[in-house]
Amino acid sequence: MAHRSTADRRGVLAASLCAALVGGSGATAAAGTVESAPYGKTAGGQDVTVYTLRNDNGFIVKFLNYGGVITEIDAPDREGHFGNVVLGCKTLHDYETESPY
């Protein structure tokens, strides 16, 4: 069995999240967008990027290229109000120092 590179694994993760995001809320698929932005630098000097996946139904998923950490998922409650349902850290430094992984 061949091992995938880190870049390949990130691509698979992004594709999986896009598929879930685009098809995730009902019978019809919504168009989606993918954006990226700098998130910070690790203590070791590695640049970290946050990727934002968004669909026309209002779902948003944000994840880092630092271990594939999901930092935010905006989903509706039973009344249709969107909010972040991820319990995560506030900063990159917190992910480096407080993560159990």
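Biologist: Which residues does Ile-70 touch, not counting residues up to four places away in sequence?

Modeller: A contact here means heavy atoms within 4.5 Å, and by that rule Ile-70 touches Val-61, Lys-62, Phe-63, Val-86 and Tyr-95. Please keep in mind that this is a predicted model, in which local features need pLDDT of at least 70 and side-chain atom pairs count only at pLDDT 80 or more, while totals for chains, interfaces and linings use all residues. Residues are numbered from 1 along each chain as its sequence is written, and side-chain values use heavy atoms, with hydrogens and water left out.

Biologist: In which strand is Ile-70 placed, and is Ile-70 buried or partly exposed?

Modeller: Strands are DSSP runs labelled E, of at least two residues, numbered from the N terminus, as are helices (H or I, at least four residues), and Ile-70 belongs to strand E4. Buried means under 20% relative accessible area, exposed means over 50%, and partly exposed lies in between, with a 1.4 Å probe and protein chains only; Ile-70, at 31%, is therefore partly exposed.

Biologist: What about Thr-71: is this residue buried or exposed?

Modeller: In a regular strand the side chains alternate between the two faces of the sheet. Thr-71 is also in strand E4, which covers residues 70-76, and counts as buried because its relative accessibility is 14%. Leaving aside neighbours within four places in sequence, its contacts include Tyr-39, Val-50, Leu-64 and Asn-84.

Biologist: How many strands does the open sheet have, and in what order?

Modeller: Two strands pair if DSSP finds at least two bridges between them. Here an open sheet of 5 strands runs in the order E1-E2-E3-E4-E5, with antiparallel pairing, and its edge strands are E1 (32-41) and E5, each of which pairs on one side only. E1 and E2 are joined over 9 bridges, and Ser-36 has Tyr-51 in E2 as its bridge partner.

Biologist: Where does strand E3 lie, and how many of its residues are buried?

Modeller: Strand E3 spans residues 60-64 and is mostly covered, with 4 of its 5 residues buried. Towards strand E2 (residues 47-55) there are 5 bridges in an antiparallel arrangement, and Arg-54 is partnered there with Ile-60; these two strands form a hairpin with 4 residues between them, where Gly-58 in the turn has a positive phi of about 100°. Towards E4 there are 4 antiparallel bridges, Lys-62 stands opposite Glu-72, and the hairpin has 5 residues between its strands, with Gly-67 in the turn at a positive phi of about 75°.

Biologist: How many aromatic pairs does a search of the whole structure find?

Modeller: A pair of aromatic rings is described by the distance of the centres and the angle of the planes. Rings of Phe, Tyr and Trp (its six-membered ring) pair if their centres lie within 6.5 Å, and planes under 30 degrees apart count as stacked, over 60 as edge-to-face and the rest as tilted. The search finds 2 pairs. Tyr-51 and Phe-63 are stacked, because their ring centres are 5.5 Å apart and their planes are at 25°; since Tyr-51 lies in E2 and Phe-63 in E3, this pair ties together parts that are 12 residues apart in sequence. Phe-63 is buried, at 5%. Phe-59 and Phe-82 form an edge-to-face pair, 5.8 Å centre to centre with 90° between the planes.
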